[in-house]
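Here is a friendly walk through one protein model. Please have a look at it before reading on.

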Amino acid sequence: MRLSITHTTTYHYTAPVSLSPHLLYLRPRESTRLRLHNYELVCTPTATLQKVRDPMDNDMLWARFPASSAEVTIAMKADVETFDTNPFDFVLKDYAIPFPFTYEPVFDFALAPYLAPPFAKTQKLLRAWLKAHFTNRPKDTVTFITELNSLIFNTLGYTRREEPGIQSSVQTMEIGGGACRDYAVLFIEICRTLGIAARFVSGYLHTAPGDDARTAGAMHAWVEVYLPGAGWKGLDPTHGIWCDDVFVPVAHAAQAESVNPIQGNYYNPEPVGSKLSTSISVEAITPAPL
């Protein structure tokens, strides 16, 4: 699928402010399943941009603003092509077909950050929630993960939250809902409690007109789990589906907060009011006729 993505974020201040270096996770993640045909990023006022590879091997940018300003705009445009049309196009290693399974020792070091379980108290509460809601558990891995993903989708209530921050998995269970990033963190911590390597993914989602687009006009968050023989595979508990070619990943991490799309601060000797406005569009590009 060919997709055109635009993402514009503007910060309005009541007086000129000084700006710290801003960390940007906005570039779609290129891979064998995603080709980046065009990418542009423009900052106003003009910033010095430095490309960096983070510890998780994500592309990121440092944006350094030399001048103070009462308004800051960060505008990204990208043209991508995605190829993950069939998310079930994989074959698991034999030992990983039944669930639960144990990863081969060769994976221990690489997967350690994604297998680190939550605190013991949180694990206890997660297991209690599963005992109450997930009674008839499948015995094979793919079906188990599919139904666990569907369980979160069907059990929780979606709430679009504009405020920053991510709920803990316990908060999401107690409240009975949250935003996409909260769904993702709950799914991750359940997976790790059960011995499945899982990581947080931030990116974009294309939804066709008329869909129940829970995340239209915003960045999206989902989960990738590591399955022996298949590698990292995406699941979206916000919609209860496996990820296919409408998902455009930008960055992944063991800890969700580390890949917030825009990270930075402003400074002023006097109190300053601020306002944030964001516009995001992910549209399918119709191929030109031959």
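Where is the place of Pro45? Pro45 sits in the loop between strand 3 (34-44) and strand 4 (48-53).

## About the model

This is a predicted model, in which local features need pLDDT of at least 70 and side-chain atom pairs count only at pLDDT 80 or more, while totals for chains, interfaces and linings use all residues. Numbering starts from 1 along each chain as its sequence is written, and side-chain values use heavy atoms, with hydrogens and water left out.

## Overall fold

The protein chain has 5 helices and 16 strands; these are DSSP runs, numbered from the N terminus, with helices being H or I of at least four residues and strands E of at least two.

Of its 290 residues, 48% count as buried (under 20% relative accessible area, with exposed over 50% and partly exposed in between; 1.4 Å probe, protein chains only). Looking at contacts (heavy atoms within 4.5 Å) between residues at least 6 apart in sequence, 73% join residues at least 24 apart.

## Backbone details

Two prolines deserve a look. Thr44 and Pro45 are joined by a cis peptide bond with omega of about 5 degrees. A cis peptide bond also joins Phe99 and Pro100, with omega of about 5 degrees, and Pro100 lies in the loop between strand 6 (69-82) and helix 1 (108-115).

Asp57 is not a glycine, yet has a positive phi of about 70 degrees. Asp57 belongs to the loop between strand 4 and strand 5 (59-64), and counts as partly exposed because its relative accessibility is 48%.
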